[in-house]
Amino acid sequence: MRNFWSDADAEATVARYRGEGIGAEVALRVYTTRLLGGDPGLVLHGGGNTSVKTRARDLSGDEVEVLCVKGSGWDMGSIEPSGLPAARLEPLRQLRLREAMSDDDMLLAQRANLVDPTGPSLSVETLLHAFLAHKYVDHTHANAVLALTDQPDGEELCRDLYGRRMALVPYVMPGFGLAKTAHEVFQAEPEAEGLILMKHGIVTFAETAKEAYERMIEMVTLAEKRVAAAVTEPFVQVSLPDDVATAAEMAPILRGLAALPEVGRKGRFKRFVLDHRSNPEVMRFVDGADLERYSRRGPVTPDHVIRTKPWPLVVRLPRRSGLDGFTEAAKAAVASYAADYSAYFERHNAGRADRKATLDPAPRVILVPGVGLFGLGRSAKEARIAADIAQTSVRVISAAEGLGGFESISEADIFDVEYWSLEQAKLDEAKDLPLAGQVAAITGAASGIGRATAAALRAAGAEVALLDNDADGAARVARELGGLGVACDVTDGTRVSAAFEEVVEAFGGVDVLVSNAGAAWQGRIGEVAEEVLRQSFELNFYGHQRAAQAAVKVMRLQGTGGVLLFNTSKQAINPGRDFGPYGLPKAATLFLMRQYAVDHGADGIRANAVNADRIRSGLLTDAMIAERAEARGLSEENYMAGNLLGREVTADDVAQAFLGLALAESTTGAVLTVDGGNIAAALR
Ligand code: ZN
């Protein structure tokens, strides 16, 4: 474990925050907290916390002794002084005289002592920091330390490695109980340089930020060396057949099986996004003959349980030649996972004074021999967090198995943390957006209607894949919206298949297709070259068919329905002079939409079209607008607003129509007109 302390960086941090009125003690606390938080071998995604005891002025202007401790919801790697709210230290310290304290009382006491009452809630481990006397206290969930403590004889291993330098704290659930126990252990061994929290993590402390940090690095490095000296290949590997399915081939099956049917709403599901990992360490783990045994023993540190559930779902190896059999077996595995989870909930909820409401029974981590691991979440971000934590668990469990045998906390202790209201409060409480958990692929997404539609779907909670033959444009929009940019020319069938594989690899599947890519060809129909017509059909008809077919293939594997949305344009209904080469394939695409509605309604797949007209875009350039307005003797503005409502229609209007159709769960085979009113193009 590298020591990243630098006197120059520390001084620069102090100088920078001095300008904002932040004292050196807090500035250095920020500096080393970031150093710790930047190392995934120490903490992940909001885990761990740090504190400093200093002095601050309260609201009445009096200088008081305070504890600045990490606020709940802050990440150590990107902490700011505002992420270390100050609380009056003395009243918090006094709490250690109590015998016991409920979580609610503890939180009230923490909040009541905030110097700035509008600040964030203090970490649930605040009292651990308050009860220890040292100025700087650092707490992480270092992988190497977990590998040592997560053992049946973890205390012996730690004692052997650290001697009396570290005091050992038996596992106690975080909160008041742990703070009190840790304090008692330290009082009995006041010479210790830190604490090992069995099956949870490590605490170091000192009078300076530098020393507390360097002790953390030193103690974790000792653990790393101990782990490295142990057996490096703990898992007997199974031999793999040569036709293992790829993640893109089998992920939609898992994604569909994991989706939760909405109660009382047939054909509707709470869906998950999947994040796939398959580095060599993960593969050695999932290809181990004893995977079931070592993977399902519980979390490597308690607070992971809220992201991963108590154990992962393990399914059998998928063979390309036998995907139907795999699907059946995986279906049974998902059902038994849900049954196990419900039984676990009932076992530990029964007889509690504070009855809990059960969380959903879907797995958040799936292990697949031959393929890797999948993190599941209601968004790509949540899925990534679950996958990151699963990858860390793989590392810790591999090391622990190499040292001896991995052992987690008891099932009752796991339940206490998973259903601890203070942990649940850490999860995003934002209400689910209407397309949360859904994946949308949009073609022609780099500009105009495609871009606007991608933005609208993203705002409604969908993950978006931006497909465009302008790869740079797709990548740019992906960065703007937080999506995936994919180079894709829809006139090339191989490229379309590859693009959908990329989407499935990134998110696990597809639920919404917006088939929008198109371009206008002109020519008087009596004399236009056949080649022009064929080119237009290639893009404006076959392009839609290729994208729709690729999407339907994924949707049918998922078995949770989906929706295909086509941009057909008013030309499909109401031919414009010399626009035959554009209108004819668009008319065919309108019927293509209806054919999908007919043929795949039974799969729960809906198909609808948007029939838009006169939108500024690559199809209708400013030059074309000027020319047409002039031909009609109109100003450009009047030309663009030449409809029943008398106002220009925008790409955003079309995007809202696509979004509306994506959400219209009982609408299929429909064409929605977005043209400001043009009775000649109205459907009848
Ligand atoms: Zn902790």
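Where is the place of T33? T33 lies in helix α2, residues 24-37; helices are DSSP runs (H or I) of at least four residues, strands are E runs of at least two, and both are numbered from the N terminus.

## Basis of the model

This is a predicted model, in which local features need pLDDT of at least 70, side-chain atom pairs count only at pLDDT 80 or more, and totals for chains, interfaces and linings use all residues. Residues are numbered from 1 along each chain as its sequence is written, and side-chain values use heavy atoms, with hydrogens and water left out.

## T33

T33 has a relative accessible area of 0%, so T33 is buried (under 20%; exposed is over 50%, partly exposed in between; 1.4 Å probe, protein chains only). Apart from neighbours within four places in sequence, T33 is in contact (heavy atoms within 4.5 Å) with T50, M76 and I79.

## Zinc site

E125 (OE), H139 (NE2), H141 (NE2) and H200 (NE2) coordinate the zinc ion at 2.1 to 2.6 Å. H141, in the loop between β4 (136-140) and α6 (143-149), and H200, in the loop between β6 (194-197) and β7 (201-206), are 59 residues apart and link distant parts of the chain. Both H141 and H200 are buried.

## V334

V334 belongs to helix α14, residues 323-349. Its relative accessible area is 14%, so V334 is buried. Not counting residues up to four places away in sequence, V334 touches L257 and L313. L317 is 17 residues from V334 along the chain, and their C-alpha atoms are separated by 15 Å.

Notes
Donors = N, O, S within 2.8 Å, 3.2 Å for Na, K, Ca; no water.
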